[in-house]
Protein chains: 2
Amino acid sequence: MAAARTIAETEGWSAVTVRRLAAAIGYSQPVLYQHFPRGRPEIIAAVARSGFAQLEELVAGADDPDALAQTARAYLTFAREHAGLYTAMFEMPSLNRFASSQTPPELRRGFDALVAVLGRGPGADTRAELFWSMLHGVAVLERDRRLPAAQREERIAEIARLFS
Amino acid sequence: MAAARTIAETEGWSAVTVRRLAAAIGYSQPVLYQHFPRGRPEIIAAVARSGFAQLEELVAGADDPDALAQTARAYLTFAREHAGLYTAMFEMPSLNRFASSQTPPELRRGFDALVAVLGRGPGADTRAELFWSMLHGVAVLERDRRLPAAQREERIAEIARLFS
DNA sequence: CAGACGAATCTAGCATTGCTAGGCTAGGGG
DNA sequence: CCCCTAGCCTAGCAATGCTAGATTCGTCTG
């Protein structure tokens, strides 16, 4: 998993081949299939889950006066500095299933942390979902240079204003 | 391009192989490489561009009293009903480059249409960017069942409220 | 202590992928 | 009548994900 993360971060997921991984860890390919019987997709899914766990810690760690801006900044920085990992979490055909009984707990806890930041009250869940959607949208559009990098802080401030 | 769209919409982009496309149009593979010298990625990029053009029309066509909700609903419906196309536009390693001198005009015009919906004034560009980011985030999180489908209309109303 | 067993690993190969080199055929110009 | 170009195809290459079968080695049994 560490090897997959490293290669994906530097050369993209298309460079994460089973042969490459096997060479990186000093074993032959079949060994990978004993630890991950479903093959490459399962490896990617495992990396994605570790990413959700890491992101959850990050989001949960923001309890400031202006928690909204703090959280938004942390989220976007995470997505930018771990672009390959973030891709695996949100944009790879993955084995991770959501809204199902088999949804791994890592995937739920991150959202719960967001709800906590936004506070309770009526419609709090919808607002938390939209806050998350906003952050995700900004993260990927910034990555693809569809949003100008210069106004990053301005965007964060506006997001906090919208949701405050 | 039509064949690629059809196959992608029904079986996903991984089923869109060059051999499959060649068979679908009744020609051999090399013919495809004469029309799209860069191969499969160029075909996907072309499909994506046509998607941007289609999305632009849709967004530009909303001039109601509550244009915000109207636009949001149109955008999300488009993303849902053309999931394969939307994937090509936003989540495929593509040849389309943004924020560059070679950015195809289709990619810019859609954003301009969004700006028009949100109105002018100071900070209008940032607000339009965030509106777009919000819609994109909701679109992909809904697709992955990370957001409950039942509250779709509730979400749209809340988005319109946030940006009004 | 000999032999059997099971876990761990490897070599070698399959089918499929994107892509390309080279050859074939038809139709118009010298 | 010959040649050239445009258009197309057959055949093949390297790389991919994955797997069947063989090999090695330590441990447990009789």
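At what angle do the axes of helix α5 (residues 67–81) of chain B and helix α8 (residues 124–143) of chain B cross, and within what distance do they come? In this predicted model, local features need pLDDT of at least 70 and side-chain atom pairs count only at pLDDT 80 or more, while totals for chains, interfaces and linings use all residues. Residues are numbered from 1 along each chain as its sequence is written, and chains are lettered from A and ligands numbered from 1 in the order in which they are written.

The axes of α5(B) and α8(B) cross at roughly 40° and come within 9 Å. Axes are lines fitted to C-alpha atoms, for helices over the stretch in contact, with angles running from 0 to 180 degrees between N-to-C directions. The crossing of α5(B) with α8(B) is right-handed, that is, the near helix is turned clockwise from the far one by less than a right angle. A72(B), Y75(B), L76(B) and A79(B) of α5(B) meet L135(B), V138(B) and A139(B) of α8(B), contact being defined by C-beta atoms, placed from the backbone, within 7 Å. This contact has seven nonpolar, no polar and no charged residues; Ala, Val, Leu, Ile, Met, Phe, Trp, Tyr, Cys and Pro count as nonpolar, Asp, Glu, Lys and Arg as charged, and the others, Gly among them, as polar.

The largest nonpolar core holds 77 residues, of which L135(A) and L135(B) touch the most other members. Such a core is a set of buried Ala, Val, Leu, Ile, Met, Phe, Trp, Tyr and Cys residues joined through C-beta atoms within 7 Å, a buried residue having 20 or more other C-beta atoms within 10 Å of its own. Apart from neighbours within four places in sequence, L135(A) contacts A72(A), Y75(A) and L76(A).

Chain A has nine helices and zero strands, helices being DSSP runs (H or I) of at least four residues and strands runs (E) of at least two, numbered from the N terminus. Of the 164 residues in chain A, 33% are buried.

The contact between the chains takes 23 residues from chain B and 24 from chain A. On the chain B side, α8(B) gives the most, with ten residues. By class, this side has nine nonpolar, five polar and nine charged residues.

DNA strand D is surrounded by 14 residues, the closest being T17(A), G39(A), R40(A), S28(B) and P30(B); a residue is near the strand if its C-beta atom, placed from the backbone, lies within 6 Å of it. The surface near DNA strand D has seven nonpolar, five polar and two charged residues.

Key: A residue is buried if 20 or more other C-beta atoms lie within 10 Å of its own, exposed if 12 or fewer, and partly exposed in between; C-beta atoms are placed from the backbone. Two residues are in contact if their C-beta atoms, placed from the backbone, lie within 7 Å.
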